[in-house]
Amino acid sequence: MLLPQHGQKDIPFTAPRKDLLLHYVPLQHASAISLAFTSGRITAVTSHQQGNPQRCFYDEADSDTICMYCPLSMNERIEAIWVLRHKNKNINLGIRSLVVSQTLLYMKVVGLPK
Amino acid sequence: MQSELELESIADDSVKALYYSDPWLPGFIIGAQPYSKWLSSNHEISPQFPVYRTPLPGFATYAYNMYYSEAPLEDLVSIQACMDNGYCLGILLHYGNYSKTVGQYRCDREISDLYEPNCIGLLQVRHEGKPQIRLQVLDEISPQSEPADPILRLTHGILVWWHSKDVSSVSIVPIS
């Protein structure tokens, strides 16, 4: 998979790998990130902008989906993002959590680790 | 069990966007697109592994369907509740410069007005045998109508919220 290289200007995001659909979640001016979980794994991600709560995100959620909302501080940049996953990459348990760090905010969103 | 999991860094402070593939296909990927590496401060931040301040509630049938969130109650300015059929799915806590959520907070459900934290409490109730949360406006309580179950007042400590699709369990633990 190729991503725009460091230093390049905005380039339309493409996924050259055959048959691989990538969902793109812009974080510019994002006021929050929402995550959808099914059976403890992240199944969808979206960002919210001020005044645009992105309600269509929930239309795609089935009845078993849990949605969690991580507000972002608009005055601060994101410092780092981690994903929580099984150490053994061959065990496909999915991504259990997303951890977002800002100076004032340390947001943990957790599907129970197993 | 936590030792089977690890935190993997996917973005630093130059993050512009996230991307992810279909989670149900093999080889699920999630990553981040940077603006530019020259914008990165290269400031290493150590992640904190998620820990749970309370054990998994006893009513949980399957651990993998339970979710955990927490938020401090100190310096709380106001809260908003996410409501569904009269029950509270989760709350958004405002601290002035930043906010946090506990429980499930969805923009497609009823979002309450802003409450001052000392005007509101949480009541653990059972609905059709399942533990759920009701919001209690404290001004409305008269001595005669004081609920039998204790009201959790959002004053001190850390609010801990376990939930799954249709159950919620809250507690307040002291700051360690």
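Which three strands form an open sheet in chain B, and in what order? I found the order β10-β9-β11, with antiparallel pairing.

**Ground rules**

I am working with a predicted model, where local features need pLDDT of at least 70, side-chain atom pairs count only at pLDDT 80 or more, and totals for chains, interfaces and linings use all residues. Residues are numbered from 1 along each chain as its sequence is written, while chains are lettered from A and ligands numbered from 1 in the order in which they are written.

I take helices (H or I, at least four residues) and strands (E, at least two) as DSSP runs, numbered from the N terminus. I call two strands paired if DSSP finds at least two bridges between them.

**Entry 1: the chain B sheet**

I then counted along the pairs. β9(B) and β10(B) are antiparallel and share eight bridges, and Ile120(B) has Val137(B) as its bridge partner in β10(B). Their hairpin has two residues between the strands, and there I noted Glu128(B) with a positive phi near 50°. On the β11(B) side, β9 (residues 120-127) is joined by three bridges, again antiparallel. Leu122(B) sits opposite Leu152(B) there.

**Entry 2: chain A from end to end**

Chain A has one helix and seven strands. I read its elements from the N terminus as β-β-β-α-β-β-β-β. Of its 114 residues, 41% are buried. Here buried needs 20 or more other C-beta atoms within 10 Å of the residue's own, exposed is 12 or fewer, and partly exposed is in between, with C-beta atoms placed from the backbone.

I also checked contacts, meaning two residues whose C-beta atoms, placed from the backbone, lie within 7 Å. Taking the chain A contacts between residues at least 6 apart in sequence, 44% join residues at least 24 apart.

Chain A has an open sheet of three strands too, in the order β3-β2-β4, paired antiparallel. β3 and β4 of chain A are its edge strands, each pairing on one side only. The twist averages 20° from one strand to the next. I counted six bridges between β2 (residues 30-38) of chain A and β4(A), which run antiparallel. Leu35(A) faces Met68(A) in β4(A).

**Entry 3: where A meets B**

How many residues does each chain bring to the contact? Chain A brings 62 residues and chain B brings 53. On the chain A side, the elements that give two or more residues are β1 (22-26), β3 (41-49), β4 (66-71), β5 (80-86), β6 (95-101) and β7 (106-111). β5(A) gives the largest share, seven residues.

I sorted the chain A side by type and got 36 nonpolar, 16 polar and 10 charged. In this sorting, Ala, Val, Leu, Ile, Met, Phe, Trp, Tyr, Cys and Pro count as nonpolar, Asp, Glu, Lys and Arg as charged, and the others, Gly among them, as polar.

One bridge pair I looked up is His86(A) with Leu5(B) in β1(B).

**Entry 4: the core**

A nonpolar core is a set of buried Ala, Val, Leu, Ile, Met, Phe, Trp, Tyr and Cys residues joined through C-beta atoms within 7 Å. The largest one here has 57 residues, and Ile33(A), Leu35(A), Met68(A), Ile81(A), Ile79(B) and Ile91(B) touch the most other members. β2(A) gives the most to this core, six residues. From chain B, the core draws at least three residues from each of domain 1 (8-39) and domain 2 (68-173).

Those bounds come from an automatic or database domain assignment. The C-alpha centres of the two chain B domains are 33 Å apart.

Leaving out neighbours within four places in sequence, Ile91(B) contacts Ile79(B), Gln80(B), Ala81(B), Cys82(B), Thr101(B), Val102(B) and Gly103(B).

**Entry 5: one glycine**

Is Gly86(B) buried or exposed? Gly86(B) counts as exposed because it has 10 C-beta neighbours inside 10 Å. I found Gly86(B) in the loop between β5 (78-84) and β6 (87-94) of chain B. From Gly86(B) to Arg134(B) is 48 residues in sequence, and 7.1 Å in space, C-alpha to C-alpha.

Notes:
Axes fitted to C-alpha atoms, helices over the stretch in contact; angles between N-to-C directions.
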